Amino acid sequence: MDRTDSVAERMVSSGQIVVTCSGSVGKTALAYAPHENTLISHDLLRVTPHQSDTWGWVFAYLRSQQAISMMGAAQYGHIIKHLEPEHLLALPIPTPTHERLAEFDVAARGILTRRNEAWRLQRESESIFSEAIGAVASSERKSTGFEVKSRELFSGRRRLEGSYHSPAATAILDRFHTAKLPTQTLAQVTDGVWWMTRFKRVFGENGAPYLSADELFSVNPPITKRVMLEQAENAEDFFVKDGWLVMACSGQTYGLNGSVALMTKWHERAFLSHDLVRIVPKTDVVRPGYLYTALGHPTLGRPLVIRQAYGTSIPHLEPADIAATPIVRLSNDLETQIADRAEKAVSLRAEADQLENDIADKATELVDQHLSGTSI
């Protein structure tokens, strides 16, 4: 940090409006709890209204269809698109009544409150899981390498990659053993772990909403593509159910690969990419929220998943390997505490997304009224 210029200016606070200005420009979001005390890229424009009572309206307006179109028209660049602060400053913004401004302010604060509470609950669920597992021995080694017994190389899948035998993952497995924590494989607690086959995707306005892995793990991603279902014989198999989990199974091991998401009713209407592994929990054996935490825990779950990745340029995860991931089983009380918080967090994020979409639609409607000469 002492070698970074203007550190304070690069931070954001909860509620700060940010807009993407490089690559896919014009995407507007509210910063919330996990973004605090984090260095934020210069590729996000910061927007701070002069008057605090216009904050909710400005946010909603920037997510309106008219504002998105104008930002798209103002971008420049051939390979990588860019948007400058001057482009945003030049956007014409209608001024609603004070009553309207208050409505948008309440709605925007509702979005922020739900996302912050969801983050708190997610952290709580992960903390309960961590405490139940206990301290994991440090995997740091004085030397640059580490040793693996030959019998570990020539059994099972015969993995020779160093990443599969990483000290971090080994330390977690050792902790499970020394603490005598019962485990089951993911296959034992699910009704299926599988992926879909590739096929040529044809998009059209009348198609089903399409979500790639990148969009699925974004905050409230806009639907930019719709896939035509007639082209695939088994199109219905690409849809998921509320309570299922999906896992990104391609990409960089320090990126989305191995990330897990818990599906909601909203996801049931979307056609999901083939590079998302479907995971169906046995609900009479394990709660989806607990499984979501056990697989996605940043230090005790994901390292056990991502070590299974193979390949250099674009690493992949095989469903069979994912299915072999050990899932620690805790007491019913602890698993319930974890599941309750995780599932509530997912529900709150879904509510926030819906509220955000609603005010964007309302802003779009009001701009149309303003353009027709009607007072807003």
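Strand 1 (residues 17-20) and strand 3 pair in the antiparallel sense. Four bridges link strand 1 and strand 3 in this predicted model. Look for V19 and follow it across: its bridge partner in strand 3 is L45. Three strands make up this open sheet, and their order is 2-1-3. The pairing is antiparallel. Which strands lie at the edges? Strand 2 (28-30) and strand 3 (44-47) do, and each of them pairs on one side only. From one strand to the next, the twist averages 30 degrees.

Now move along to strand 6, which covers residues 203-211. Strand 6 has two partners to look at here. With strand 7 (residues 226-227), strand 6 pairs in the antiparallel sense over three bridges. A208 stands opposite V227 of strand 7. With strand 10 (residues 271-272), strand 6 runs parallel, and two bridges join them. Here Y210 stands opposite F271 of strand 10.

Next come the nonpolar cores. The largest has 38 residues. Which residues have the most contacts inside this core? They are L186, I279, Y290, L291 and L295. Helix 9 (residues 288-296) supplies the largest share of the core, with five residues. Take L186 as a place to start. Set aside its neighbours within four places in sequence. L186 is then in contact with V193, I279, L291, L295, I322, A323, T325 and I327. There is also a second, separate core. This one has 32 residues, including V25, A60, L62 and I111.

Helix 9 leads us to one more place: its meeting with helix 12. Two packed helices are described by the angle between their axes and the distance between the axes. Helix 12 covers residues 332-371. The axes of helix 9 and helix 12 come within 7 Å. They cross at roughly 90 degrees. Angles of 65 to 115 degrees count as roughly perpendicular, so helix 9 and helix 12 are roughly perpendicular to each other.

Which residues meet there? From helix 9 come P288, G289, Y290, Y292 and T293. From helix 12 come E335, I338, A339, A342, E343, V346 and R349. By class, this contact has seven nonpolar, two polar and three charged residues.

Definitions and conventions
Residues are numbered from 1 along each chain as its sequence is written. This is a predicted model: local features need pLDDT of at least 70, side-chain atom pairs count only at pLDDT 80 or more; totals for chains, interfaces and linings use all residues. Side-chain values use heavy atoms; hydrogens and water are left out. A nonpolar core is a set of buried Ala, Val, Leu, Ile, Met, Phe, Trp, Tyr and Cys residues joined through side-chain atoms within 4.5 Å. Buried means under 20% relative accessible area, exposed over 50%, partly exposed in between (1.4 Å probe, protein chains only). Contact means heavy atoms within 4.5 Å. Two strands pair if DSSP finds at least two bridges between them. Axes are lines fitted to C-alpha atoms, for helices over the stretch in contact, and angles run from 0 to 180 degrees between N-to-C directions. Angles under 35 degrees count as roughly parallel, over 145 as roughly antiparallel, 65 to 115 as roughly perpendicular and the rest as oblique. Ala, Val, Leu, Ile, Met, Phe, Trp, Tyr, Cys and Pro count as nonpolar, Asp, Glu, Lys and Arg as charged, and the others, Gly among them, as polar.
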